[in-house]
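Please find below some notes on the model. They are set out as numbered points, to be read beside the structure.

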Amino acid sequence: EPPSVGLALTLERFGFPLGRLKTGTPARLDGRTIDWDSCNIQPSERPALPFSHVRQSRGEEPPLAAVGRLIDCYQTSTNEATHKMVMDYAHLLPQYDGMDGKGNGPRYCPSIYKKVERFAERSSHNSFLEPEGLNTDIVYPNGMSGPYPEEIQLKIFRSMKGLGNVEIVRPGYDVEYDFVNPQVLTHTLETKKIAGLYLAGQICGTTGYEEAGAQGIIAGANAGRAAGAASRDESPPVPFVLGRDEAYIGVLIDDLVTKGTSEPYRMFTSRAEYRISLRADNADLRLTRKGAEHGLVTDPERLAALDMRETMIGQNIDRLRNFKLFVTDWAKRGGNDLMGGAAANRPGRESHKKSAEEVLGMPNVSLKMVEQIMADVIQEEGSGQVDNDESTEEMIMTPSSVYDTVEASVKYKSYVIRQEKDIESWRKAQGARIPPGIIYDHSIMPTFSKEELEKLNQFKPSTFAEASQISGITPQSLVYLYHHVSKMNKESRRKKRESLAASGSSQ
């Protein structure tokens, strides 16, 4: 197809810095021509958990789940014959403008050609066959993008298990496109050069549907609120911005507008320093009230559901905090392995009490286990068998609508505290220097990704502040690097002291 260049030329004329990236999408398959029985079923989660906390508060399943209309996905995989074709026909792949004709594509969502080339030692790669909807036979073969000629795509697919007679509805293709360096945007995604112009999606250097949708929420909300205020001759509204500690959307946008990107950006949990606190189960607790403050959430039922969840979570955590048993009683009722191992029965432990909250914070202990013990104890209290601080009212188990949040809040409590300490130590280290001779190698820094090691070796930052501005370097790796450098400096000072002591004694 001929390129669409008008928008890019206009942006260039206004002085926006442009780059070139590519992305791809796989062919769409006809589900009626797939041998589903030869593939491995990947069933939907049952019971299906709704995204909406309003539905959760009502105890409702998603509508289609409630009537039994869940869709199953299936797994197939490539094989050595597939890989041979992928490489044999590589000369038929298109040439691109970027990276010497190879194109600057997604590092973490590669084409089937890139996967086979990069992981030559592997004999297969998984592909998940995902039906696109309830009322269509079209299937999305996840992980199989590759813009070969259509007849070659068909050969490649037909070499895979379950796809021997498959037909292609639409062939896969790649798109190479211009993007604007996102450092010219504010955190509202408004351009600094032209007031009222907001950008969102691949034009900002990202790849992926979710990444584009996330930006669309922020850009759309700010654009709509600004336009509404202007139409009413009101002052500009307070910007709607999410922080790195509030949402993955905040991490994504902050990364883009402060660091920019040299390759298609994807969101990963490892990019977030507050990832222990950014969970699906507490999304409404983090964001709903902020949405309401900015006029984006107006449904009274939704706000009432939030109030109810906050109250229930607080009540259930308080109940766990106030319920106490002797350590030996916990071990007797729950088993030594679950309640701290053999140490639970050490001499003197019989006089030491632990709260249900403390016990739940231990490994291999679930909220269900703890609450079952609490229920047993409360049931026995009437006969005077147990001395406990909890009232003798009937035990009410934590409802499913808040179960995950209560359990996670207790389980991760100590980790959240440590997370805050790590971030604080990192903030204090921003101005510290990085030794010029430091070696960035996987054998020395095993937790670093290939991308991080590659970029640190390329840019050789001299301070931690410089390292933090490199796109793709995660906060956790910066903390690790800080501890590594601190250890190196400490070792260097020790050797220097020993050397001075040795030279002094020889005199």
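**Notes on the predicted model**

1. Lys428 has a relative accessible area of 67% and is therefore exposed (exposed means over 50% relative accessible area, buried under 20%, partly exposed in between, with a 1.4 Å probe and protein chains only). Lys428 belongs to helix α15, residues 413-428 (helices are DSSP runs of H or I with at least four residues, strands are runs of E with at least two, and both are numbered from the N terminus). Between the C-alpha atoms of Lys428 and Val241 there are 25 Å, the two residues being 187 residues apart along the chain.

2. On the basis of the values: this is a predicted model, in which local features need pLDDT of at least 70 and side-chain atom pairs count only at pLDDT 80 or more, while totals for chains, interfaces and linings use all residues. Residues are numbered from 1 along each chain as its sequence is written, and side-chain values use heavy atoms, with hydrogens and water left out.

3. Asn222 sits in helix α7, residues 209-231. Its relative accessibility is 5%, so Asn222 counts as buried. Leaving aside residues up to four places away in sequence, Asn222 touches Thr188, Tyr198, Pro239 and Phe240 (contact means heavy atoms within 4.5 Å).

4. An open sheet is formed by 6 strands in the order β3-β4-β5-β6-β2-β7, with antiparallel pairing (two strands pair if DSSP finds at least two bridges between them). At the edges are β3 (40-42) and β7 (168-170), each pairing on one side only. Direction ignored, neighbouring strands of this sheet are turned by 35° against each other on average.

5. Within the sheet, strands β2 (residues 28-30) and β6 (residues 138-142) run antiparallel and are joined by 2 bridges. Leu29 is placed opposite Val139 of β6. Helix α6 (residues 150-158) lies across β2, β6 and β7, at about 135° to β7 (axes are lines fitted to C-alpha atoms, for helices over the stretch in contact, and angles run from 0 to 180 degrees between N-to-C directions).

6. Helices α9 (residues 283-293) and α10 (residues 300-322) have axes that come within 11 Å and cross at roughly 140°. That makes α9 oblique to α10 (under 35 degrees counts as roughly parallel, over 145 as roughly antiparallel, 65 to 115 as roughly perpendicular and the rest as oblique). Residues making the contact include Leu285 and Ala292 of α9 and Leu306 and Ile313 of α10.
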